[in-house]
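Subject: Handover of a structure and notes on its features

Dear colleague,

Please find the structure below, followed by an account of what was found in it. I would be grateful if you read the notes with the structure open.

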Amino acid sequence: MGRPGLSRRQLLAGAGGLAVAGSFGFAALGTGADALASGADTRVRYWNLFSGGDGYNMIAMLDAFRAANPAIDVKDSTLQWGNPFYTKLAMAAAGNRAPDLGVMHMGRVTGFSPGRLLDPWDVDRLAEFGVREADFNPALWKRGVIDGELYALPLDIHVQLCFYRRDLLKPAGLIGDDGKLVPVTSTTEWFEVLKEAKKVTKDGLQTIGLWSQDQNFQWWFFVAFYTQLGGTWFDDANTEVTFDADKATQVLEFLRQHVTDGYTIPGAPTGEQFINGAPFTWEGNWSVPVFSGAKLDYGATPLPPVFGEQATHAESHAFVLPHQAGRGGAANDGAHRLAAYIVRNAQAWAGGGHIPAYTPTLSTPEYQELAPQNEYVGAMDHQATEPKVWFAGSTGVLAQDLGPVVVSSTMGSAEPAAVARRMKSRLTALLASRNPMDGRTAAEGGAVA
(Lines give C-alpha, C1' and ligand atoms only; values in the text may rest on other atoms or scores of the structure.)
Protein backbone atom coordinates (compact mmCIF):
# COMPACT_ATOMS: atom_id res chain seq x y z
CA MET A 1 0.00 0.00 0.00
CA GLY A 2 3.04 2.26 -0.05
CA ARG A 3 3.03 3.02 3.68
CA PRO A 4 5.73 2.07 6.19
CA GLY A 5 5.00 -0.80 8.53
CA LEU A 6 3.81 -0.23 12.09
CA SER A 7 6.27 -1.50 14.66
CA ARG A 8 5.13 -3.42 17.72
CA ARG A 9 6.52 -0.67 19.98
CA GLN A 10 4.59 2.03 18.11
CA LEU A 11 1.44 -0.04 18.36
CA LEU A 12 1.79 -0.61 22.09
CA ALA A 13 2.36 3.08 22.66
CA GLY A 14 -0.76 3.88 20.68
CA ALA A 15 -2.77 1.25 22.51
CA GLY A 16 -1.98 2.80 25.85
CA GLY A 17 1.49 1.73 26.93
CA LEU A 18 3.88 -1.17 27.09
CA ALA A 19 1.99 -2.64 30.02
CA VAL A 20 -0.45 -4.09 27.53
CA ALA A 21 2.24 -6.46 26.29
CA GLY A 22 2.20 -8.49 29.45
CA SER A 23 -1.40 -9.52 28.85
CA PHE A 24 -0.77 -10.96 25.39
CA GLY A 25 -0.33 -14.71 25.02
CA PHE A 26 1.46 -15.44 21.76
CA ALA A 27 1.25 -19.17 22.49
CA ALA A 28 -2.32 -19.17 21.18
CA LEU A 29 -1.02 -18.57 17.68
CA GLY A 30 0.67 -21.92 17.17
CA THR A 31 3.88 -22.55 15.25
CA GLY A 32 5.12 -24.12 12.07
CA ALA A 33 6.10 -27.17 14.10
CA ASP A 34 2.43 -27.62 15.01
CA ALA A 35 1.49 -27.88 11.35
CA LEU A 36 4.14 -30.52 10.66
CA ALA A 37 3.09 -32.53 13.69
CA SER A 38 -0.56 -32.49 12.67
CA GLY A 39 0.12 -34.46 9.51
CA ALA A 40 -2.05 -32.12 7.44
CA ASP A 41 -0.83 -30.73 4.14
CA THR A 42 -1.81 -27.20 5.22
CA ARG A 43 -2.63 -25.57 8.53
CA VAL A 44 -4.74 -22.42 8.79
CA ARG A 45 -4.52 -20.52 12.05
CA TYR A 46 -7.80 -18.76 12.73
CA TRP A 47 -8.69 -16.30 15.51
CA ASN A 48 -12.26 -15.41 16.39
CA LEU A 49 -14.22 -13.80 19.22
CA PHE A 50 -17.28 -16.07 19.25
CA SER A 51 -18.44 -17.53 22.55
CA GLY A 52 -21.71 -18.96 23.81
CA GLY A 53 -24.19 -20.03 21.15
CA ASP A 54 -22.20 -18.28 18.42
CA GLY A 55 -19.16 -20.25 19.50
CA TYR A 56 -20.99 -23.57 19.20
CA ASN A 57 -22.32 -22.64 15.77
CA MET A 58 -18.89 -21.59 14.55
CA ILE A 59 -17.36 -24.85 15.78
CA ALA A 60 -20.02 -26.80 13.88
CA MET A 61 -19.23 -24.85 10.71
CA LEU A 62 -15.50 -25.42 11.16
CA ASP A 63 -16.07 -29.15 11.67
CA ALA A 64 -18.09 -29.25 8.45
CA PHE A 65 -15.22 -27.52 6.64
CA ARG A 66 -12.70 -29.99 8.04
CA ALA A 67 -14.82 -32.90 6.85
CA ALA A 68 -15.08 -31.40 3.36
CA ASN A 69 -11.40 -30.39 3.22
CA PRO A 70 -9.32 -33.07 5.02
CA ALA A 71 -6.05 -31.74 3.63
CA ILE A 72 -6.50 -28.47 5.55
CA ASP A 73 -6.11 -28.46 9.33
CA VAL A 74 -7.79 -25.47 10.99
CA LYS A 75 -6.32 -24.37 14.31
CA ASP A 76 -9.01 -22.10 15.75
CA SER A 77 -8.55 -19.95 18.85
CA THR A 78 -11.36 -18.05 20.58
CA LEU A 79 -10.25 -14.88 22.36
CA GLN A 80 -12.05 -12.43 24.63
CA TRP A 81 -14.68 -10.31 22.87
CA GLY A 82 -14.19 -6.55 22.60
CA ASN A 83 -11.11 -4.37 22.89
CA PRO A 84 -8.87 -7.13 24.37
CA PHE A 85 -9.37 -9.09 21.14
CA TYR A 86 -8.53 -6.11 18.93
CA THR A 87 -5.45 -5.23 20.95
CA LYS A 88 -4.11 -8.76 20.69
CA LEU A 89 -4.87 -9.00 16.98
CA ALA A 90 -3.13 -5.68 16.31
CA MET A 91 -0.06 -6.67 18.31
CA ALA A 92 0.18 -9.98 16.48
CA ALA A 93 0.02 -8.25 13.11
CA ALA A 94 2.57 -5.61 14.11
CA GLY A 95 4.93 -8.28 15.46
CA ASN A 96 4.63 -10.52 12.38
CA ARG A 97 2.99 -13.21 14.51
CA ALA A 98 -0.49 -12.89 13.02
CA PRO A 99 -2.87 -15.79 12.39
CA ASP A 100 -3.76 -16.60 8.79
CA LEU A 101 -7.40 -15.61 9.26
CA GLY A 102 -9.31 -13.47 11.74
CA VAL A 103 -12.72 -12.00 12.45
CA MET A 104 -13.52 -8.35 13.09
CA HIS A 105 -16.57 -6.16 13.34
CA MET A 106 -16.89 -4.33 10.05
CA GLY A 107 -17.04 -0.94 11.75
CA ARG A 108 -13.57 -1.46 13.24
CA VAL A 109 -11.81 -2.18 9.96
CA THR A 110 -11.18 1.45 8.95
CA GLY A 111 -9.40 2.10 12.24
CA PHE A 112 -7.27 -1.02 11.97
CA SER A 113 -4.82 0.61 9.60
CA PRO A 114 -5.56 -1.40 6.45
CA GLY A 115 -2.33 -1.95 4.57
CA ARG A 116 -0.34 -2.09 7.79
CA LEU A 117 -2.25 -4.36 10.16
CA LEU A 118 -4.54 -5.95 7.59
CA ASP A 119 -3.82 -7.45 4.18
CA PRO A 120 -6.32 -7.18 1.30
CA TRP A 121 -8.32 -10.12 0.04
CA ASP A 122 -7.59 -11.64 -3.34
CA VAL A 123 -11.09 -11.24 -4.80
CA ASP A 124 -10.21 -13.41 -7.80
CA ARG A 125 -9.23 -16.23 -5.47
CA LEU A 126 -12.46 -15.76 -3.50
CA ALA A 127 -14.40 -15.97 -6.77
CA GLU A 128 -12.75 -19.33 -7.51
CA PHE A 129 -14.22 -20.53 -4.21
CA GLY A 130 -17.69 -19.26 -5.09
CA VAL A 131 -17.75 -15.86 -3.34
CA ARG A 132 -18.40 -12.81 -5.53
CA GLU A 133 -19.34 -9.21 -4.89
CA ALA A 134 -22.66 -9.71 -6.72
CA ASP A 135 -23.78 -12.11 -3.98
CA PHE A 136 -23.74 -9.42 -1.27
CA ASN A 137 -25.74 -6.36 -0.36
CA PRO A 138 -23.87 -3.56 -2.22
CA ALA A 139 -23.68 -1.21 0.77
CA LEU A 140 -22.41 -3.99 3.03
CA TRP A 141 -19.71 -5.06 0.58
CA LYS A 142 -18.60 -1.45 0.10
CA ARG A 143 -18.10 -1.03 3.84
CA GLY A 144 -15.23 -3.53 3.59
CA VAL A 145 -13.53 -1.70 0.70
CA ILE A 146 -10.81 0.86 1.50
CA ASP A 147 -8.64 2.55 -1.10
CA GLY A 148 -10.06 0.24 -3.76
CA GLU A 149 -9.15 -3.01 -1.96
CA LEU A 150 -11.41 -5.45 -0.11
CA TYR A 151 -10.19 -5.75 3.48
CA ALA A 152 -13.27 -7.29 5.11
CA LEU A 153 -15.34 -10.18 3.77
CA PRO A 154 -18.82 -9.97 5.37
CA LEU A 155 -20.16 -13.01 7.20
CA ASP A 156 -23.41 -11.51 8.50
CA ILE A 157 -25.20 -8.48 9.77
CA HIS A 158 -26.47 -8.44 13.33
CA VAL A 159 -29.19 -5.96 14.14
CA GLN A 160 -31.19 -4.42 16.96
CA LEU A 161 -34.77 -5.71 16.95
CA CYS A 162 -38.16 -5.07 18.47
CA PHE A 163 -39.20 -8.35 20.11
CA TYR A 164 -42.89 -8.67 20.96
CA ARG A 165 -45.11 -11.23 22.68
CA ARG A 166 -47.98 -12.30 20.44
CA ASP A 167 -49.81 -14.07 23.24
CA LEU A 168 -49.96 -10.86 25.29
CA LEU A 169 -50.55 -8.33 22.53
CA LYS A 170 -53.24 -10.14 20.55
CA PRO A 171 -55.93 -9.54 23.22
CA ALA A 172 -54.92 -5.87 23.17
CA GLY A 173 -55.65 -5.69 19.43
CA LEU A 174 -52.01 -5.11 18.53
CA ILE A 175 -51.47 -8.22 16.39
CA GLY A 176 -52.74 -8.17 12.81
CA ASP A 177 -54.41 -10.95 10.87
CA ASP A 178 -50.97 -11.93 9.56
CA GLY A 179 -49.83 -12.68 13.10
CA LYS A 180 -47.43 -9.75 13.17
CA LEU A 181 -47.27 -6.54 15.17
CA VAL A 182 -49.49 -3.79 13.78
CA PRO A 183 -47.54 -1.31 11.60
CA VAL A 184 -46.13 1.78 13.30
CA THR A 185 -45.04 4.82 11.31
CA SER A 186 -44.74 7.66 13.86
CA THR A 187 -43.77 8.34 17.45
CA THR A 188 -47.43 9.05 18.23
CA GLU A 189 -48.49 5.65 16.94
CA TRP A 190 -45.69 3.95 18.82
CA PHE A 191 -46.64 5.42 22.17
CA GLU A 192 -50.29 4.56 21.49
CA VAL A 193 -49.17 0.94 21.02
CA LEU A 194 -47.26 1.05 24.31
CA LYS A 195 -50.27 2.59 26.05
CA GLU A 196 -52.45 -0.34 25.01
CA ALA A 197 -49.73 -2.85 25.77
CA LYS A 198 -49.32 -1.48 29.27
CA LYS A 199 -52.92 -2.43 30.01
CA VAL A 200 -52.06 -6.12 29.59
CA THR A 201 -48.69 -5.92 31.39
CA LYS A 202 -48.47 -7.77 34.69
CA ASP A 203 -47.78 -5.79 37.85
CA GLY A 204 -44.07 -5.41 38.52
CA LEU A 205 -43.07 -5.82 34.88
CA GLN A 206 -42.15 -3.11 32.41
CA THR A 207 -43.97 -2.67 29.13
CA ILE A 208 -40.75 -2.53 27.15
CA GLY A 209 -37.14 -3.35 27.91
CA LEU A 210 -34.94 -0.55 26.61
CA TRP A 211 -31.51 -1.10 28.23
CA SER A 212 -31.87 2.47 29.46
CA GLN A 213 -28.66 2.38 31.51
CA ASP A 214 -26.44 0.54 29.01
CA GLN A 215 -24.15 2.79 26.96
CA ASN A 216 -23.81 0.35 24.06
CA PHE A 217 -27.50 -0.33 23.55
CA GLN A 218 -28.48 3.31 24.02
CA TRP A 219 -25.88 4.31 21.43
CA TRP A 220 -27.10 1.65 18.98
CA PHE A 221 -30.70 2.80 19.39
CA PHE A 222 -29.64 6.41 18.88
CA VAL A 223 -27.81 5.54 15.66
CA ALA A 224 -30.92 3.77 14.34
CA PHE A 225 -33.41 6.57 14.97
CA TYR A 226 -31.01 9.35 14.00
CA THR A 227 -30.56 7.53 10.68
CA GLN A 228 -34.34 7.31 10.29
CA LEU A 229 -34.41 11.11 10.41
CA GLY A 230 -31.80 11.30 7.66
CA GLY A 231 -29.16 12.51 10.07
CA THR A 232 -25.53 12.61 8.93
CA TRP A 233 -22.26 12.75 10.81
CA PHE A 234 -19.51 14.19 8.61
CA ASP A 235 -19.06 15.41 5.05
CA ASP A 236 -17.67 13.07 2.40
CA ALA A 237 -14.12 14.24 3.01
CA ASN A 238 -14.40 13.75 6.79
CA THR A 239 -13.28 17.32 7.35
CA GLU A 240 -16.53 18.89 8.60
CA VAL A 241 -19.07 17.80 11.21
CA THR A 242 -22.58 17.67 9.74
CA PHE A 243 -24.25 16.28 12.85
CA ASP A 244 -27.71 17.81 13.25
CA ALA A 245 -28.33 18.72 16.90
CA ASP A 246 -32.03 19.36 16.31
CA LYS A 247 -32.59 15.88 14.87
CA ALA A 248 -30.49 14.40 17.65
CA THR A 249 -32.68 16.16 20.21
CA GLN A 250 -35.79 14.56 18.68
CA VAL A 251 -34.24 11.12 19.08
CA LEU A 252 -33.08 11.77 22.63
CA GLU A 253 -36.52 13.05 23.64
CA PHE A 254 -38.11 9.96 22.09
CA LEU A 255 -35.84 7.59 24.03
CA ARG A 256 -36.36 9.56 27.25
CA GLN A 257 -40.16 9.42 26.97
CA HIS A 258 -40.15 5.64 27.46
CA VAL A 259 -38.84 6.25 30.97
CA THR A 260 -40.84 9.36 31.86
CA ASP A 261 -44.13 7.78 30.74
CA GLY A 262 -43.45 4.68 32.82
CA TYR A 263 -43.09 2.13 30.04
CA THR A 264 -39.51 1.26 30.99
CA ILE A 265 -38.18 0.44 34.45
CA PRO A 266 -34.52 1.59 34.62
CA GLY A 267 -32.26 -1.26 35.61
CA ALA A 268 -34.84 -3.99 35.06
CA PRO A 269 -33.43 -7.14 33.41
CA THR A 270 -34.79 -6.80 29.89
CA GLY A 271 -34.57 -10.36 28.59
CA GLU A 272 -35.75 -11.94 31.82
CA GLN A 273 -38.76 -9.64 32.03
CA PHE A 274 -39.68 -10.41 28.42
CA ILE A 275 -39.63 -14.13 29.19
CA ASN A 276 -41.67 -13.52 32.33
CA GLY A 277 -44.37 -11.50 30.57
CA ALA A 278 -43.19 -8.06 29.46
CA PRO A 279 -44.86 -7.38 26.08
CA PHE A 280 -41.83 -5.80 24.38
CA THR A 281 -38.06 -5.66 24.53
CA TRP A 282 -35.45 -4.13 22.24
CA GLU A 283 -32.52 -6.51 21.95
CA GLY A 284 -29.93 -7.72 19.49
CA ASN A 285 -30.80 -10.60 17.19
CA TRP A 286 -28.48 -12.82 19.26
CA SER A 287 -31.38 -13.13 21.76
CA VAL A 288 -33.36 -15.24 19.28
CA PRO A 289 -32.00 -18.61 20.55
CA VAL A 290 -32.76 -17.57 24.14
CA PHE A 291 -36.37 -16.60 23.49
CA SER A 292 -36.98 -19.54 21.17
CA GLY A 293 -35.49 -21.85 23.77
CA ALA A 294 -38.00 -20.49 26.29
CA LYS A 295 -40.76 -21.54 23.84
CA LEU A 296 -42.36 -18.10 23.78
CA ASP A 297 -45.07 -17.10 21.32
CA TYR A 298 -43.15 -14.12 20.00
CA GLY A 299 -42.08 -12.22 16.91
CA ALA A 300 -39.28 -9.83 16.04
CA THR A 301 -39.15 -6.87 13.67
CA PRO A 302 -36.56 -4.23 12.93
CA LEU A 303 -36.82 -1.22 15.25
CA PRO A 304 -40.08 0.63 14.45
CA PRO A 305 -39.78 3.36 11.76
CA VAL A 306 -41.18 6.00 14.09
CA PHE A 307 -39.50 8.84 12.17
CA GLY A 308 -40.78 7.71 8.78
CA GLU A 309 -37.82 5.95 7.17
CA GLN A 310 -36.93 2.36 7.91
CA ALA A 311 -33.54 1.95 9.55
CA THR A 312 -32.30 -0.32 12.32
CA HIS A 313 -28.83 -0.39 13.80
CA ALA A 314 -26.59 -2.99 12.18
CA GLU A 315 -23.04 -4.23 12.57
CA SER A 316 -21.34 -7.04 10.71
CA HIS A 317 -18.93 -9.81 11.56
CA ALA A 318 -16.38 -10.02 8.77
CA PHE A 319 -13.38 -12.14 7.92
CA VAL A 320 -10.04 -10.34 7.68
CA LEU A 321 -6.46 -11.23 6.83
CA PRO A 322 -4.20 -9.96 9.64
CA HIS A 323 -0.97 -8.64 8.20
CA GLN A 324 1.82 -11.12 7.54
CA ALA A 325 5.11 -9.99 6.04
CA GLY A 326 5.30 -13.11 3.92
CA ARG A 327 1.60 -13.68 3.28
CA GLY A 328 1.01 -16.15 0.50
CA GLY A 329 1.33 -19.83 -0.25
CA ALA A 330 -0.78 -22.70 1.00
CA ALA A 331 -1.84 -21.15 4.32
CA ASN A 332 -3.09 -18.00 2.62
CA ASP A 333 -4.91 -20.08 0.03
CA GLY A 334 -6.42 -22.12 2.84
CA ALA A 335 -7.58 -18.95 4.60
CA HIS A 336 -9.40 -17.83 1.45
CA ARG A 337 -10.95 -21.27 1.04
CA LEU A 338 -12.05 -21.45 4.70
CA ALA A 339 -13.61 -17.97 4.78
CA ALA A 340 -15.43 -18.56 1.49
CA TYR A 341 -16.77 -21.91 2.72
CA ILE A 342 -18.19 -20.48 5.94
CA VAL A 343 -19.72 -17.47 4.19
CA ARG A 344 -21.42 -19.75 1.64
CA ASN A 345 -22.60 -22.29 4.25
CA ALA A 346 -24.04 -20.01 6.91
CA GLN A 347 -27.39 -21.69 7.56
CA ALA A 348 -26.20 -22.75 11.02
CA TRP A 349 -25.07 -19.18 11.65
CA ALA A 350 -28.56 -17.95 10.80
CA GLY A 351 -29.89 -20.22 13.54
CA GLY A 352 -28.14 -17.94 16.03
CA GLY A 353 -30.24 -15.01 14.86
CA HIS A 354 -27.72 -13.38 12.52
CA ILE A 355 -28.68 -12.46 8.96
CA PRO A 356 -26.20 -14.17 6.60
CA ALA A 357 -24.35 -11.72 4.37
CA TYR A 358 -24.24 -14.16 1.45
CA THR A 359 -27.60 -13.30 -0.12
CA PRO A 360 -28.23 -16.64 -1.93
CA THR A 361 -28.67 -18.14 1.56
CA LEU A 362 -31.62 -15.85 2.20
CA SER A 363 -33.65 -17.32 -0.65
CA THR A 364 -33.26 -20.95 0.38
CA PRO A 365 -36.32 -22.80 1.76
CA GLU A 366 -34.35 -23.65 4.89
CA TYR A 367 -33.74 -19.98 5.70
CA GLN A 368 -37.22 -18.81 4.78
CA GLU A 369 -38.69 -21.31 7.22
CA LEU A 370 -36.71 -19.86 10.13
CA ALA A 371 -38.86 -17.82 12.51
CA PRO A 372 -38.60 -15.04 13.52
CA GLN A 373 -35.58 -14.60 11.22
CA ASN A 374 -37.88 -14.53 8.18
CA GLU A 375 -39.70 -11.57 9.74
CA TYR A 376 -36.70 -9.26 10.09
CA VAL A 377 -34.52 -10.35 7.15
CA GLY A 378 -35.48 -7.10 5.37
CA ALA A 379 -33.20 -5.24 7.78
CA MET A 380 -30.39 -6.14 5.36
CA ASP A 381 -31.67 -3.36 3.08
CA HIS A 382 -32.18 -0.78 5.85
CA GLN A 383 -28.94 -0.79 7.80
CA ALA A 384 -28.17 2.11 10.11
CA THR A 385 -24.42 2.05 10.60
CA GLU A 386 -21.87 4.24 12.29
CA PRO A 387 -19.81 6.54 10.05
CA LYS A 388 -16.86 4.97 8.27
CA VAL A 389 -14.09 6.56 10.34
CA TRP A 390 -11.26 5.14 12.41
CA PHE A 391 -12.93 5.78 15.77
CA ALA A 392 -16.23 4.00 14.97
CA GLY A 393 -17.34 0.37 15.22
CA SER A 394 -18.36 -2.09 17.92
CA THR A 395 -16.93 -1.13 21.34
CA GLY A 396 -14.96 1.58 19.52
CA VAL A 397 -14.01 5.06 20.67
CA LEU A 398 -17.18 6.62 19.28
CA ALA A 399 -19.52 4.34 21.25
CA GLN A 400 -17.43 4.67 24.41
CA ASP A 401 -17.42 8.45 24.09
CA LEU A 402 -21.03 9.14 23.11
CA GLY A 403 -22.87 6.16 24.62
CA PRO A 404 -22.71 7.45 28.21
CA VAL A 405 -23.90 10.86 27.02
CA VAL A 406 -26.99 9.31 25.44
CA VAL A 407 -27.64 7.41 28.69
CA SER A 408 -27.51 10.67 30.64
CA SER A 409 -30.38 11.98 28.53
CA THR A 410 -32.44 8.79 28.63
CA MET A 411 -32.08 8.56 32.40
CA GLY A 412 -32.89 12.25 32.92
CA SER A 413 -29.64 13.53 34.40
CA ALA A 414 -29.17 15.87 31.43
CA GLU A 415 -31.53 17.66 29.06
CA PRO A 416 -31.80 16.22 25.53
CA ALA A 417 -30.99 19.51 23.78
CA ALA A 418 -27.89 20.02 25.92
CA VAL A 419 -26.79 16.45 25.29
CA ALA A 420 -27.21 16.90 21.53
CA ARG A 421 -24.94 19.97 21.62
CA ARG A 422 -22.40 18.04 23.68
CA MET A 423 -22.47 15.19 21.17
CA LYS A 424 -21.69 17.58 18.32
CA SER A 425 -18.80 19.06 20.27
CA ARG A 426 -17.35 15.62 20.95
CA LEU A 427 -17.72 14.62 17.32
CA THR A 428 -15.73 17.72 16.36
CA ALA A 429 -12.94 16.72 18.73
CA LEU A 430 -12.92 13.13 17.48
CA LEU A 431 -12.75 14.21 13.85
CA ALA A 432 -9.56 16.15 14.58
CA SER A 433 -7.99 13.35 16.65
CA ARG A 434 -5.43 10.90 15.31
CA ASN A 435 -5.73 7.14 15.05
CA PRO A 436 -3.17 5.64 17.48
CA MET A 437 -2.63 2.81 14.97
CA ASP A 438 -1.11 5.06 12.31
CA GLY A 439 -1.22 8.67 13.51
CA ARG A 440 -3.70 9.85 10.87
CA THR A 441 -6.98 11.74 11.24
CA ALA A 442 -10.22 10.53 9.68
CA ALA A 443 -9.69 12.91 6.76
CA GLU A 444 -6.30 11.30 6.09
CA GLY A 445 -7.53 7.74 6.50
CA GLY A 446 -8.40 6.55 3.03
CA ALA A 447 -11.49 6.88 0.89
CA VAL A 448 -14.33 4.47 0.26
CA ALA A 449 -14.08 2.93 -3.19
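**A partly exposed tryptophan**

Tryptophan 211 has a relative accessible area of 29% and is therefore partly exposed; buried means under 20% relative accessible area, exposed over 50%, and partly exposed in between, with a 1.4 Å probe and protein chains only. Tryptophan 211 sits in the loop between strand 9 and helix 9. Helices (H or I, at least four residues) and strands (E, at least two) are DSSP runs, numbered from the N terminus. The phi angle of tryptophan 211 is near 50°, a positive value in a residue other than glycine.

**Basis of the values**

This is a predicted model, in which local features need pLDDT of at least 70 and side-chain atom pairs count only at pLDDT 80 or more, while totals for chains, interfaces and linings use all residues. Residues are numbered from 1 along each chain as its sequence is written, and side-chain values use heavy atoms, with hydrogens and water left out.

**The protein as a whole**

The protein has 18 helices and 15 strands. Its C-alpha atoms fill a box of roughly 65 × 50 × 40 Å along the principal axes. The radius of gyration is 22 Å, which agrees with the value near 22 Å for a compact globule of 449 residues; this radius is taken over C-alpha atoms, and the globule rule is 2.2 Å times the number of residues to the power 0.38. Of the 449 residues, 54% are buried. Among contacts with a separation of 6 or more, 77% are between residues 24 or more positions apart, where contact means heavy atoms within 4.5 Å.

**Two packed helices**

Helix 9 (residues 215-228) and helix 17 (residues 397-410) pack at an angle of about 85°, and their axes are 8 Å apart. The axes are lines fitted to C-alpha atoms, for helices over the stretch in contact, and angles run from 0 to 180 degrees between N-to-C directions. The two helices, helix 9 and helix 17, are therefore roughly perpendicular to each other; angles under 35 degrees count as roughly parallel, over 145 as roughly antiparallel, 65 to 115 as roughly perpendicular and the rest as oblique. Helix 9 contributes Gln215, Asn216, Gln218, Trp219 and Phe222 to the contact, while the residues from helix 17 include Leu398, Leu402, Pro404 and Val407. By class, the contact of helix 9 with helix 17 has 8 nonpolar, 6 polar and no charged residues. Here Ala, Val, Leu, Ile, Met, Phe, Trp, Tyr, Cys and Pro count as nonpolar, Asp, Glu, Lys and Arg as charged, and the others, Gly among them, as polar.

**Buried residues and their partners**

Histidine 258 belongs to helix 10 (residues 245-260) and is buried, with a relative accessible area of 0%. Its side chain reaches the backbone oxygen of phenylalanine 254 at 3.0 Å. Not counting residues up to four places away in sequence, histidine 258 touches several residues, including Trp190, Phe191, Tyr263 and Trp282.

Aspartate 54 is placed in helix 3 (residues 52-68) and counts as buried at 16% relative accessibility. Leaving aside neighbours within four places in sequence, aspartate 54 is in contact with Trp349 and His354. The side chains of aspartate 54 and histidine 354 make a polar contact of 3.0 Å. A polar contact is a pair of N or O atoms within 3.5 Å; within protein, one must be able to donate a hydrogen and the other to accept it, and residues adjacent in sequence count only if both atoms are side-chain atoms.

Threonine 361 lies in the loop between strand 14 (355-356) and helix 15, and at 7% relative accessibility it counts as buried. Its contacts, not counting residues up to four places away in sequence, are Arg344, Gln347, Pro356 and Tyr367.

**Further loop residues**

Lysine 199, in the loop between helix 8 (187-198) and strand 9 (208-209), counts as exposed at 57% relative accessibility. A polar contact of 3.2 Å joins its side chain to that of glutamate 196.

Asparagine 238 is in the loop between helix 9 and helix 10, with a positive phi near 55°, and counts as buried at 14% relative accessibility.

Proline 372 is found in the loop between helix 15 (365-368) and helix 16 (373-376). The peptide bond from alanine 371 to proline 372 is cis, with omega near 10°.

Yours sincerely
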